[in-house]
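Dear colleague,

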Amino acid sequence: MKNMLKLFLSVAGSFIIILFGVDVQNVQVHAMVPEEMTPLLKSKENQKIAYLTFDDGPSLNTMEILDILDRYHVKATFFVKGNEEPYAKECYQEMISRGHAIALHSYTHDYSIVYRSTESFFQDLNRLETMLQKEYGIKSRIVRLPGGSNNRLRHQAATKPIINGILQQLKEKGYIYIDWSIDSTDGFSPSIREQQIITAVQKGTKNQKHVNILLHDINSMKNTVEALPDIIEFLKKEGYTFDTIDETTPKMQFN
Ligand SMILES: [Zn+2]
């Protein structure tokens, strides 16, 4: 009986909207929200969230980075390369067992291979995917292009169509590419001082609720490791919680 009443009220409500045009615009806009955003995403809308992302690892710094993250109970996303050194195998395993997200970057990270052609890009990417899946059981659809989706090759006549083709095909094949919203500048050079990295992050967070921070996991970039505790402490003090990137994360794309 209750169900019948509910049905009647819902049908009657629709008639009222059709007959009197009650705020149809609002009804439509409201109706779009649940389809486009999962409840989880919606609940995160007003939170301050920081996504720490580390590119190019594993490296000889990975374990130290993981220990720092553990110390602060923070989870991060690692956009990894293909590294088959024995130490690297342990790093991939530790990333997983300590609850971090592993996403795709590039097997070789060699621009002359990765960006030679659209086909070459996917060969390199598939090589990384195969290694991760076979060795570690990891399957990810999240990709960060070496240099980002708006890298210097995108502004050169010869390579622009290749990058555009890659972005198009990533979409068609069901990948999600993710850039960043804050460049910590640690990747500019190993001589970038620890304080500059911290300051770049602090400035980048100004008035930003969701921040996706680009950091590097590279042997020579020891200053990233040195800066990391201060970066995390700053973000916590500013009220950010930390999350990893997956398919439900709002896309952060330059294009
Ligand atoms: Zn990279």
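What follows is about the aromatic rings and the charges over them.

This is a predicted model, in which local features need pLDDT of at least 70 and side-chain atom pairs count only at pLDDT 80 or more, while totals for chains, interfaces and linings use all residues. Residues are numbered from 1 along each chain as its sequence is written, and side-chain values use heavy atoms, with hydrogens and water left out.

Rings of Phe, Tyr and Trp (its six-membered ring) pair if their centres lie within 6.5 Å, and planes under 30 degrees apart count as stacked, over 60 as edge-to-face and the rest as tilted. By this rule the count comes to 7 aromatic pairs. One of them joins Y92 and Y136, whose ring centres are 4.8 Å apart with planes at 40 degrees, so the pair is tilted. Both Y92 and Y136 are buried (under 20% relative accessible area, with exposed over 50% and partly exposed in between, for a 1.4 Å probe and protein chains only).

The rings of W180 and F254 have centres 5.0 Å apart and planes at 90 degrees, so this pair is edge-to-face. W180 is buried, at a relative accessible area of 16%, whereas F254, at 37%, counts as partly exposed.

One aromatic cluster is formed by Y111, Y115, F121, F122 and Y175. K173 lies over the face of F122, at 4.8 Å from the ring centre, and R144 lies over the face of F79, at 4.3 Å (NZ of Lys or CZ of Arg within 6 Å of the ring centre and within 35 degrees of the ring normal).
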